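Trainee: Could you walk me through reading a few features here, one at a time? I'd like the general idea and then the case at hand.

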Amino acid sequence: MFNAITVSREYGSGGGKLAETLAERLGWKLVDKSLVVEVATRAKIDPETAARLDESIDPWFYRLVKGLWQGGYEGLATTVDARILDSEGMAKLAGEIIREAATLGHCVIVGRGGQCILRKRPEVFHVSVFGPCREKVLRLRERLAPGTDAERVMEETDRRRATYISRYYGEDWKDRRLYHLVISSALGLETLRDTVLCAAGLIPRAS
């Protein structure tokens, strides 16, 4: 029986909303923005800084200088120093929190490489949500500030997320082998929710 779900999502696909809906339906904890707040608390930084570092990588020059400072480019720290929290430290703390949440169970985890971090946990169900470009752009135009180039933001965000997964977990974000279910948002939120619940064998008895 699965007792946790990870949701990977293209930007604008509505994967975050799907995760929220799954958590509501199952009565499980949603691990999304709350993860950023938890990282901020543990690192003793403000949530806005944690959000800026979330699902991102440090600039190459910063990584180079940091590597040299630590005694070599490959000499990356194995522990997180909250005083110098950067994107790499943020990813490590997020990984710790994701593992803790999965151990407690009954949670839906959004992004941050959860499908890679929890890949060997048989009790975790992995979902990837993609969507038609036009649909995603229309959805983003409702969320972004007027005049924003939604298509450009969408492409840049997906590229950053793909790089994040590749750098920290050595995986291809689009690799279908990372997921139990890859599904299109074109089906609609309710169908997505019910399909995930059915595929994971988690349809509540009352349904």
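Trainee: Let's start with T6: is T6 buried or exposed?

Mentor: Buried means under 20% relative accessible area, exposed over 50%, and partly exposed in between, using a 1.4 Å probe on protein chains only. T6 has a relative accessible area of 2%, so T6 is buried. Keep in mind that this is a predicted model, where local features need pLDDT of at least 70 and side-chain atom pairs count only at pLDDT 80 or more, while totals for chains, interfaces and linings use all residues. Residues are numbered from 1 along each chain as its sequence is written, and side-chain values use heavy atoms, with hydrogens and water left out.

Trainee: Where does T6 lie, and what does its side chain make a polar contact with?

Mentor: Helices (H or I, at least four residues) and strands (E, at least two) are DSSP runs, numbered from the N terminus. T6 lies in strand 1, residues 4–9. A polar contact is a pair of N or O atoms within 3.5 Å; within protein, one must be able to donate a hydrogen and the other to accept it, and residues adjacent in sequence count only if both atoms are side-chain atoms. Here the T6 side chain makes one with the side chain of H126, at 2.7 Å.

Trainee: And which residues does T6 touch?

Mentor: Contact means heavy atoms within 4.5 Å. Leaving out residues up to four places away in sequence, T6 touches several residues, including I109, L118, F125 and H126.

Trainee: How many aromatic pairs does a search of the whole structure find?

Mentor: A pair of aromatic rings is described by the distance of the centres and the angle of the planes. Rings of Phe, Tyr and Trp (its six-membered ring) pair if their centres lie within 6.5 Å; planes under 30 degrees apart count as stacked, over 60 as edge-to-face and the rest as tilted. The search finds three pairs. For F2 and F125, the ring centres are 5.1 Å apart and the planes are at 70°, so that pair is edge-to-face. It links distant parts of the chain: F2 is in the segment before strand 1, F125 is in strand 4 (residues 124–130), and they are 123 residues apart. Both F2 and F125 are buried.

Trainee: Which residues of helix 2 are buried?

Mentor: In helix 2 (residues 33–43), they are L35, V36, V39, A40 and A43. They cover an arc of only 140° around the axis (taken from the directions from the helix axis to the C-beta atoms), which puts them on the same side of helix 2. They pack against strand 2 (29–31), helix 3 (47–53) and helix 5 (87–104).
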